[in-house]
Each structure stands twice: as C-alpha cells, then as structure tokens.
Amino acid sequence: MVSPNIEPCSNVNDFAPPPTPRDRGLFSFASSMTSRGGSRKQEVLDVYRDEEKMATTVDTGASEDGTMVSNTSDSLMTAEEAAAQKREERLRKFRELHLKRNEARKLNHQEVVEEDKRLKLPTNWEAKKARLEWELKVEEKKKECLLKGEDYERVKLLEVSAEDAERFERKKKKRNPDLGFSDYAAAQLRQYQRLTKQIKPDLEKYEKLREESGEDFFPTSNSLLHGTHVPSKEGVDKMVSDLEKQIQKREKYSRRRSYNDDADIDYINERNAKFNKKAERFYGKYTAEIKQNLERGTAV
C-alpha cells in the first residue's frame, strides 16, 4: 500500500546525495579507463581506496625526516610506550621485593644460628664473660700504671665518685656486718674467713712443691707427713706480721654498745658511767636491795 499523499519513487537513486566534483572526476576517469581493459578497473579501484584512506587521515605536520605522522599512529605509540613503562616499573618493584626477601632470609638464618649458640652456652655465660672482660681491663690498667710508675689503687680511687664510694661501703657493711662478740666459735669463724680472703696463692711455688713431694703431695690414710714440712722464711715473716696486726687491732677494738634511753641516769659524766657499770657488774647482786630501799626512801 502506498500513501495517497506520497508519490511513488520510480528509481532508488533518487534518494542518493548529489555527486561531488571529486566523485565526478573519479567517475569520468573510470569511464575513460574502462575501454583499456579489465586490469585498469582494478587500478582505478586501488586509486579510489588510497584516496579514501588519505581523506581519513589528518595532516599533523612534517617530521624531522620530512615524513607525515598521523594522530592515530601517535596515540598507538604513546599507549605502547606507557604500557612498556608500566611493565618496567612492575619488574623493577618485583626485583626489589625479591632482593629484600633474600636479605630477610639471610638475616633470619643468622639470628637462628646465633640463638642456637646462645642456648648451647651455660646459663651464667654472660656473667662470666663480663667478669673476664673486666679482669682483662684491670690487668691492662695495672700494666699501664706500672709502666708510668703510678699506684694503681690510687688511680682507681681517683676514677670513683663519692656517691659510688659510699654505695660500695654500705654494700660491704651489709655483706659482712660486725655484730660484736657473741661467742668464741663465731669469733674464730669470722677471723678464719677474713684470713682466707687475704690469702694470695703462689702457683709457681705450688707446682714446685708438687713436683718435689710426688705422690705424697696428696696424702692418704697411710701417709706419714707430720714434721716433714719446713716453712720458708718468707712464710714465717708473713705469719708474724699478721699476728702483730691482729694484736694491734685487738688493742684498739672496742665493741659499740647500744644506748638505752629508758635506763636510769646515775652518772655525771662518761668516766663515772663506766665506773658505775663496772661496779654494777661485780657488786650489783649484793647491792640490789640497798639500791631499791634508797629509791623508795625506806632505807634505815
């Protein structure tokens, strides 16, 4: 059915747009070349396609070598360069992560080895090591002082502050406090400990005596060594000097007695107080009743 208001189209080409001058030139060129043979038709079609391709491109100016570069090719090259840069960046980060992983692996292995060594050492190894290092430093310091002609004890005290000296003195008193005389056994033990701490063994003489004595150096129940040992003159002099020091110290020693605030004051000075204590010690049990009567006021 055809609408009565619209006239039917007799030819489909009536709807085609009017030809441009370029199209007319191409059609005329094609019609002129038709008489030359079928091969010419293919050449015309190729020329037409080249013209269409050139029409779709946009001139962007001449390059350094004089060639023309299109926007499409530039965009493709830019995209490829961006992709290549991104790939290089990812590879660089991957290599860095790989190196960090290897470094962390090496450090972890070293820590594991060190921890295994520490676990195999004795429990007090750190304290022993610190003690040995301190002893080596002390020996080096003594040698330096000996070469300079200085007294090591004096140099050591010059390096100690007053606060440290007071702290060491308090520790020393707490470690071995003098509680005074309690009984003879405790006094003997205290003196024995003091003397043994002062002993400095001579290893050379020890080895020499060991070689001379042979098997008798370690006596058994069947050994008879009584009276065979003769002390050296140096040993005797050392013993004598130590005994003289003990006598001098014993003469100066006076046990500190605690002061009782609640005790009766029956003296006028320190000398009178000592005399009253002596009298009380010897005659207190005989004069206790007389003293009580005097205090109550009932004395006859």
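1. In this note, buried means under 20% relative accessible area, exposed means over 50%, and partly exposed is anything in between, with a 1.4 Å probe and protein chains only. By that scale arginine 167, at 33% relative accessibility, counts as partly exposed. The model is predicted, so to speak of a local feature requires pLDDT of at least 70, side-chain atom pairs count only at pLDDT 80 or more, and totals for chains, interfaces and linings use all residues. Residues are numbered from 1 along each chain as its sequence is written, and side-chain values use heavy atoms, with hydrogens and water left out.

2. Arginine 167 forms a salt bridge with aspartate 164, the closest N and O atoms being 3.0 Å apart; a salt bridge here is a side-chain nitrogen of Lys or Arg within 4 Å of a carboxyl oxygen of Asp or Glu. The two residues are 3 apart in helix α6, which separates them by about one helical turn, where helices are DSSP runs of H or I with at least four residues, strands are runs of E with at least two, and both are numbered from the N terminus. Aspartate 164 is partly exposed, at 26% relative accessibility. In general, an α-helix has 3.6 residues a turn, so residues three or four places apart point the same way.

3. By the salt-bridge rule the count comes to 7. Another of these pairs joins lysine 120 to aspartate 116, with 3.3 Å between the closest N and O atoms. Both residues lie in helix α3 (residues 71-120), 4 residues apart, or about one turn of the helix. Lysine 120 is exposed, with a relative accessible area of 66%, whereas aspartate 116 is partly exposed at 36%. Elsewhere, Glu89, Arg92 and Glu96 are linked in a network of salt bridges.

4. The side chains of lysine 141 and glutamate 159 also meet in a salt bridge, at 3.5 Å from N to O. Lysine 141 lies in helix α4 and glutamate 159 in the loop between α5 (152-158) and α6 (162-175), so the pair ties together parts that are 18 residues apart in sequence. Lysine 141 is partly exposed, with a relative accessible area of 29%, while glutamate 159 counts as exposed at 58%.

5. Helix α4 itself (residues 125-148) has 24 residues and reaches 35 Å from its first C-alpha to its last, close to the 34 Å expected at 1.5 Å a residue; the expected span is 1.5 Å times one less than the number of residues. Just after α4, glycine 149 takes a positive phi of about 75 degrees.

6. Lysine 142, found in helix α4, is partly exposed, with a relative accessible area of 38%. It belongs to a patch of positive charge on the surface together with Lys200, Lys205, Lys208 and Lys238. Patches are made of residues with over 30% relative accessible area and no salt bridge, like charges being joined within 9 Å and nonpolar side chains (Val, Leu, Ile, Met, Phe, Trp, Tyr) within 5 Å.

7. A negative surface patch is formed by Asp264, Asp266, Glu280 and Glu295. Aspartate 266 lies in the loop between α9 (233-252) and α10 (270-296) and is partly exposed, with a relative accessible area of 43%.

8. Val236, Met239, Val240 and Leu243 form a nonpolar patch on the surface, with about 310 Å² of accessible area together. Leucine 243 is found in helix α9 and is partly exposed, at 42% relative accessible area.

How values were computed:
Accessible areas come from the Shrake-Rupley method with a 1.4 Å probe; for residues, only the protein chains shown count as cover. Lys and Arg count as positive and Asp and Glu as negative; His and the chain ends are not counted. The place of a charge is taken as NZ of Lys, CZ of Arg, CG of Asp or CD of Glu.
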